[in-house]
Protein chains: 2
Amino acid sequence: MQLLKDRILTDGQVETGGVLKVDGFLNHRIDVCLLEEIGKEFRRIFEGEGITKILTIEASGIAIAVETARFFRIPVVFAKKNQSINIAGDVFATKVESFTHGKTYDVVVSKKFLSPEDNILIIDDFLANGSALLGLVSLVRDSGASLAGAGIVIEKAFQSGGDIVRGLGVRVESLARILDMSGGEIVFAD
Amino acid sequence: MQLLKDRILTDGQVETGGVLKVDGFLNHRIDVCLLEEIGKEFRRIFEGEGITKILTIEASGIAIAVETARFFRIPVVFAKKNQSINIAGDVFATKVESFTHGKTYDVVVSKKFLSPEDNILIIDDFLANGSALLGLVSLVRDSGASLAGAGIVIEKAFQSGGDIVRGLGVRVESLARILDMSGGEIVFAD
């Protein structure tokens, strides 16, 4: 998606430790006009797949999932990182290691919101080591729902997550795939 | 907002301890069609105020803020509950006590995303004891930005948050104000 790649080149910042900061438009300050184009693009890629629900994980996946779901006219379910008293005990649960925060979270989805009748599209902002996406895939499989695929905004293709998840037979579509940014410059896959 | 009140009566669940569960349409599973109507209603209430940015707090405020910002064609900034390595050190910070989770969070916004030129609309899902909203108001005041007001989806008017924040001179507009639910039945303000 050229609009997104241009924006990453203009406003993204490569930091030490393999961190790409896109907090100016994607995951702290959100450009809703760009988000709308991202939602449209995911609709274009996955339309005709009979998707019934979008699954994402809090917090930065939510905005993208909602703007995508709007084009499909289907609900969003977001997995929660910490079980709260507002979630019933009846949950699908997994563990996700956060690269950004350096810790492991319990991730839960209420059982009543994923069912074998569902055909799920997973949406997230980043795919790097694949921990969050593997967690979401495992929640979908636990529920018995079908998995249509995963739509990722930015994939760090120099990390192993994409290969691992595709190796499980999951269709993963990324709007911007970064091959390399080790020299401080961002090189996209095409 | 009648559509919202009807939905709360149909799908909301009153639990012990003053908890209203709306996880079926607002803060776990999200009905994007309802969200769109909520966004439109906030636009109707606050249009003409010259709002430049919407501020919310992760996680359940994000979807509502994005769907509201879309109608204003302005960006969203969401305050983060835990400082991560992806946020620069240069932040406005405050503390927020979570009624739902029973703990206190550090809440931060990067200084580069709030400025004295901004006129901010705060958006959140719930207003109960007011802790989250007071935190967001304090972040706006620290930044020197103007505060146009706060748009709340559900206000528990039997708790003190609404009075406290309005007492600070902040315009607070809630789409559904609950006067009482102590008997298990929800009574709205009008």
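Start by selecting strand 5 of chain A and strand 3 (residues 29-30) of chain B: two bridges join them, and they run antiparallel. Zoom in on Val77(A), whose bridge partner in strand 3 of chain B is Arg29(B). A quick word on terms: strands (E, at least two residues) and helices (H or I, at least four) are DSSP runs, numbered from the N terminus, and two strands pair if DSSP finds at least two bridges between them. Strands of a sheet pair through backbone hydrogen bonds, either parallel or antiparallel.

Before going on, note that this is a predicted model, where local features need pLDDT of at least 70, side-chain atom pairs count only at pLDDT 80 or more, and totals for chains, interfaces and linings use all residues. Residues are numbered from 1 along each chain as its sequence is written, while chains are lettered from A and ligands numbered from 1 in the order in which they are written.

Now hop over to strand 10 (residues 172-180) of chain A, which two bridges join to strand 11 of chain A, running antiparallel. Look for Ile178(A) there: its bridge partner in strand 11 is Phe188(A).

Last stop: select the contact between the chains (C-beta atoms, placed from the backbone, within 7 Å). Chain A gives 33 residues and chain B gives 33 residues. On the side of chain A that touches chain B, the largest share, six residues, comes from helix 3 of chain A.

How values were computed: Two residues are in contact if their C-beta atoms, placed from the backbone, lie within 7 Å.
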